[in-house]
Amino acid sequence: MKKIFLSAFVATSLLLSAQKKYVMVIHGGAGTILKSNMTPEKEKAYAAKLTEALKAGYAEIQNGKTSVNAVAAAIVVMEDSPLFNAGKGAVFTADGTNELDAAVMYGKDKSAGAIAGVHTIKNPIRTAIAVMQKSEHVMLSGAGAEQFAKEQNLEIVDPKYFWTKDRWDGLQKLKEKEKTAKKQPISQNTLPAAYEIDQKFGTVGAVALDKMGNLAAGTSTGGMTNKKYGRIGDAPIIGAGTYANSQVGISATGWGEFFIRSTAARTIAAKIEYQNKDIKTASQETIDEIEKMGGDGGLIALDKDGNIAMPFNTSGMYRGAITQDGEILVEIYK
């Protein structure tokens, strides 16, 4: 690595460096992320883990591996960390379980794989990749996805592996809130008070551009705290929270229902393809539309020329990128 800039601690904007050619961009979730609520120790932990994920993905690219390999390497680092709402740090459902989702898409041939509602797969992104590369399907769910993962010799763990005190305490807090919350009409624009909409996001994602010029995008999540009825968000849905083609790759994080309804990731690609818009304009317009609908969150995007976009409409989003020369930038706050 030539230089590492942890710009979470300075005012320099990541987007000011857009003239540089980036080969990977990652996110670790968007939401109510305020410096006033963050201890210096936790801030450093997030910055260090994002940096570790970027280095892992970059090493794959430097070694001539595909963008899919790079995406997997970066996301596994975050899935294995309790800091994020994916893998080890996944949030709990209303039933006190962890239900994990993940997706990947390879821009070269638009192949894709996704899994949803699994409980025992240590690294969901690896199973999503296996679905893409070793099955005739695009999305598998629940017990079937877990059976497939076993047959592919992917690591299976006891559901207790995913338990973390912070996430468990978060569920108990919402359970108490649910007991005292006033009954209110529920619609797709107003969820119950028992969901802390702007604080639930910790989904992780990565987009990479390999030496062959091919893009890949991946996303992994534990979903929404206190979610019910086997709810599935946008992360494993191709075209909503995850998408890649020969021109651009996108991974999203946020209130998934709005990203599904707006087909957010595919919309960005379409704006670039059919309206000849640049990556920043296409990405920002899409986030603006989600905000108009009543949703919040953010996304990362990387195009074939190494340009990036990281728009979000929350107070913060864990995010970072690395250039082809190994220069790392990491940001947390608005």
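Tutor: One definition before we start: contact means heavy atoms within 4.5 Å. Also keep in mind that this is a predicted model.
Student: OK. Which strands does helix H8 lie across?
Tutor: Helix H8, residues 279-293, lies across E9, E10 and E11. Its direction runs at about 160° to E10.
Student: And what's the strand order in that sheet?
Tutor: The order is E8-E9-E10-E11, in an open sheet of 4 strands with antiparallel pairing.
Student: Which strands stand at the edges?
Tutor: Strand E8 (242-244) and strand E11 (308-309) do. Each has a single partner strand, so one side of each is left without a neighbour in the sheet.
Student: What about H7, which strands does that one touch?
Tutor: Helix H7, residues 264-275, packs on the sheet and touches E8, strand E9 (248-254) and E10. The direction of H7 makes about 145° with that of E9.
Student: Where is Thr 263 found?
Tutor: In the loop between helix H6 (256-261) and H7. Thr 263 is partly exposed, at a relative accessible area of 40%.
Student: And Asn 276, what's its phi?
Tutor: Near 60°, again positive in a residue other than glycine. Asn 276 is in the loop between H7 and H8.
Student: Is Asn 276 buried or exposed?
Tutor: Exposed: its relative accessibility is 71%, and the cut-off for exposed is over 50%.
Student: Let's zoom out. How many helices and strands does the protein chain have?
Tutor: The protein chain has 8 helices and 13 strands. It has 334 residues, and 57% of them count as buried.
Student: What share of the contacts join residues at least 24 apart?
Tutor: 70%, among contacts in the protein chain between residues at least 6 apart in sequence.
Student: Last one: how much accessible surface does the protein chain have?
Tutor: About 13,800 Å², with 51% of that belonging to carbon and sulfur atoms.

Definitions and conventions. Residues are numbered from 1 along each chain as its sequence is written. This is a predicted model: local features need pLDDT of at least 70, side-chain atom pairs count only at pLDDT 80 or more; totals for chains, interfaces and linings use all residues. Side-chain values use heavy atoms; hydrogens and water are left out. Two strands pair if DSSP finds at least two bridges between them. Helices (H or I, at least four residues) and strands (E, at least two) are DSSP runs, numbered from the N terminus. Axes are lines fitted to C-alpha atoms, for helices over the stretch in contact, and angles run from 0 to 180 degrees between N-to-C directions. Buried means under 20% relative accessible area, exposed over 50%, partly exposed in between (1.4 Å probe, protein chains only). Accessible areas come from the Shrake-Rupley method with a 1.4 Å probe; for residues, only the protein chains shown count as cover.
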